[in-house]
Amino acid sequence: MDYSKIINKNVAALQPSGIRKFFDIVAEIPDAISLGVGEPDFVTPYGIREAAVKSIQRGYTQYTSNLGIPKLREEIATFLEQRYTLKYDAASEVLVTVGASEAIDLTLRTVLEQGDEVLIPDPSYVSYKPNVLIAGGIPKAVATTEAEEFRLTNKALKAAITPRTKAIIFAYPNNPTGAIMEKSDLEAIRETIIKHNLIVISDEIYAELTYDGLKHISIASLKGMRERTIIVSGFSKAFAMTGWRVGYVAAPKQFVAPMTKIHQYTIMCVPTAGQYAAIEALRQGREDGFSAVGEMRAQYDMRRRFVHKAFNDMGLNCFGPKGAFYAFPSVKKLGIDGEEFASKLLKSKKVAVVPGTAFGASSGKFHVRCSYATSMKNLEIAMERIGEFVREVK
């Protein structure tokens, strides 16, 4: 049987995740330290875990509403209003999904027709381009630069728009750079987005992880943007709930209703215990001022400062991340690209980082992404080993 004639060509052409490639390799190397996967090293707070256990003990094991448990949708709506001044109707404008990943997939399959172009600031998270392709769209990278602090500028946005452009995936705080967009940056691109009638898919999974006293501003909160913005977020990063796979969409009901149709036929609903855990995460957070999130953010901030200084001290230019939990140093001074750097570092020093090209060819070639969502002990050992490697290469 000739399987090449059977498998969907868009799927067959997809490349495996550059992140997972190095994750799989490092798992087979004794004593290796991975700075590759963007996963909090914290255990989900006890109260959240306990809420899930209690839901099972009480027999809450049936399907829930396709949209998600009403109480969870209410908590999400309250959270968005209190934290980011965003108002959504819990009954019709919030959909609970299997992580932010399903939310992105649903969004793209809902809004894209065959051949629609989707702008993706480069570098950005690895799944955006493949998901656009799977949905029949055409991904178009919009380069950002370190000189501009990896922010999306209005000049770059205007230059990328064509008559076929339908949407833009907007991901700030950014993975892999740690860049953020402040209100003035958002205002600078707002009129262009409205003028060209673009849909904005705003991935705000790292919204709770900003530093230096900076607070996340959602692009949906700007004048004229709510009606055209689909917010994608979840509980994985801020609440250390990666394995629970609970995310959500917040958007006008005209978007949420058709998304729910796809969700109905492919997923049915998010696992019940995870939804009860998410309810407790938001309820507990509201009552104690999100102290657990704040404690984790403080630890990330300490690690962020350490890693940023370490890279610059060893002579690798490293942009100062202001959000998420990644550093994106340049290795260009060493005369090698990020792919070679990552491969040789893993082989000789047993430290795994991800080549920047995994997040976009135009801006990532001479960078690597390092996650500081791991212990200070691991970071200290890793930075010492990377320092040794840099001195040897020089």
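**Close-up views of a predicted model**

**View 1. Helices α4 and α10 cross in the left-handed sense.** A crossing is called left-handed if the near helix is turned anticlockwise from the far one by less than a right angle, and right-handed if clockwise. The contact (heavy atoms within 4.5 Å) involves K71, L72, E75, I76, T78, F79 and Q82 of α4, together with Q275, A278, I279, L282, R283 and R286 of α10. The axes of α4 (residues 70-84) and α10 (residues 272-288) come within 9 Å and cross at roughly 35 degrees; axes are lines fitted to C-alpha atoms, for helices over the stretch in contact, and angles run from 0 to 180 degrees between N-to-C directions. Helices (H or I, at least four residues) and strands (E, at least two) are DSSP runs, numbered from the N terminus. The model is predicted: local features need pLDDT of at least 70, side-chain atom pairs count only at pLDDT 80 or more, and totals for chains, interfaces and linings use all residues. Residues are numbered from 1 along each chain as its sequence is written, and side-chain values use heavy atoms, with hydrogens and water left out.

**View 2. Strand β5 (residues 165-170) is mostly covered.** Five of its six residues are buried, that is, under 20% relative accessible area (1.4 Å probe, protein chains only).

**View 3. Strand β5 pairs in the parallel sense with β3 (residues 117-122) over three bridges and with β6 (residues 199-203) over four bridges.** Pairing requires that DSSP finds at least two bridges between two strands. T165 in β5 is the bridge partner of E117, and I169 stands opposite I201 in β6.

Key: Buried means under 20% relative accessible area, exposed over 50%, partly exposed in between (1.4 Å probe, protein chains only).
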